[in-house]
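Q: Please take a close look at the strands of this model and at how they pair with one another. I would like one connected account that I can follow alongside the coordinates.

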Amino acid sequence: MKAALLLSAVALPLLVAGCSSAPTASTPADNSGADWISVNAGRATPSPVTRYGTASPTPELTLPTLNSGSPPAPAASPTCTPAPRGAGVINGLDVVPGRTSAVVTFYNPGGSDIVDYKLTAANQDLQPGQQQDVGWTTVTPTGCGDLSASVTGLTPGTNYVFSVDVRRRHVTSQEGTYTRTVARSGVVSTTS
């Protein structure tokens, strides 16, 4: 009972003051300075007006180059013959399929930062359940120019896409390596 009496003694004056209909003094809005849009209940609001003026000239700016997450590939060795399939072209692979293996030829631009190449084949004839894992064939380059390697463990009469990844040392920091896909074939079928 005391709590209810205390609550009504505190809350009642607040409620009455909040619901008062007596006019209160207010200061008019200061509309000087920046443009304002005044909104009045029951009246249309005018559209804002755009004013054009003269702007000061933009100072010259030199932007830093953005880091894409891995350093750019160094230029090919100057003594290396041009890539017959095009260096940096993702579909720059020649594949000669056999029954259970294929010989994959790709261009190596050379460079001391190249650690090795990894080749694999992805089966394009998907079956229910777990897919065949061909694994990776590793090639360590010497010099520059075409490299060839055999990818084994393929199934006869099956469609594959062959892929080559390069593993490079970080040129700028000399810490660790990174991998990037550098060549990929179209769909190639092994012989039956």
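**Strand pairing in the predicted model**

A: In this predicted model, Tyr 117 stands opposite Val 139, a residue of strand E4. That pair belongs to the contact between E4 and strand E3, residues 114-123, where three bridges join the two strands in the antiparallel sense. Both strands are part of an open sheet of four strands, whose order is E4-E3-E6-E7 and whose pairing is antiparallel. Strand E4, residues 137-139, lies at one edge of this sheet and strand E7, residues 177-189, is the other edge strand, each of them pairing on one side only. On average, and with direction ignored, neighbouring strands of the sheet are turned by 20° against each other. Strands of a sheet pair through backbone hydrogen bonds, in either a parallel or an antiparallel arrangement.

A further set of pairings involves strand E2, which spans residues 101-108 and is mostly covered, with six of its eight residues buried, that is, under 20% relative accessible area. Strand E2 pairs with strand E1, residues 94-97, through four bridges, and the two run antiparallel; within this pairing, Asp 94 stands opposite Thr 105 of E2.

Notes:
Residues are numbered from 1 along each chain as its sequence is written. This is a predicted model: local features need pLDDT of at least 70, side-chain atom pairs count only at pLDDT 80 or more; totals for chains, interfaces and linings use all residues. Side-chain values use heavy atoms; hydrogens and water are left out. Two strands pair if DSSP finds at least two bridges between them. Axes are lines fitted to C-alpha atoms, for helices over the stretch in contact, and angles run from 0 to 180 degrees between N-to-C directions. Buried means under 20% relative accessible area, exposed over 50%, partly exposed in between (1.4 Å probe, protein chains only).
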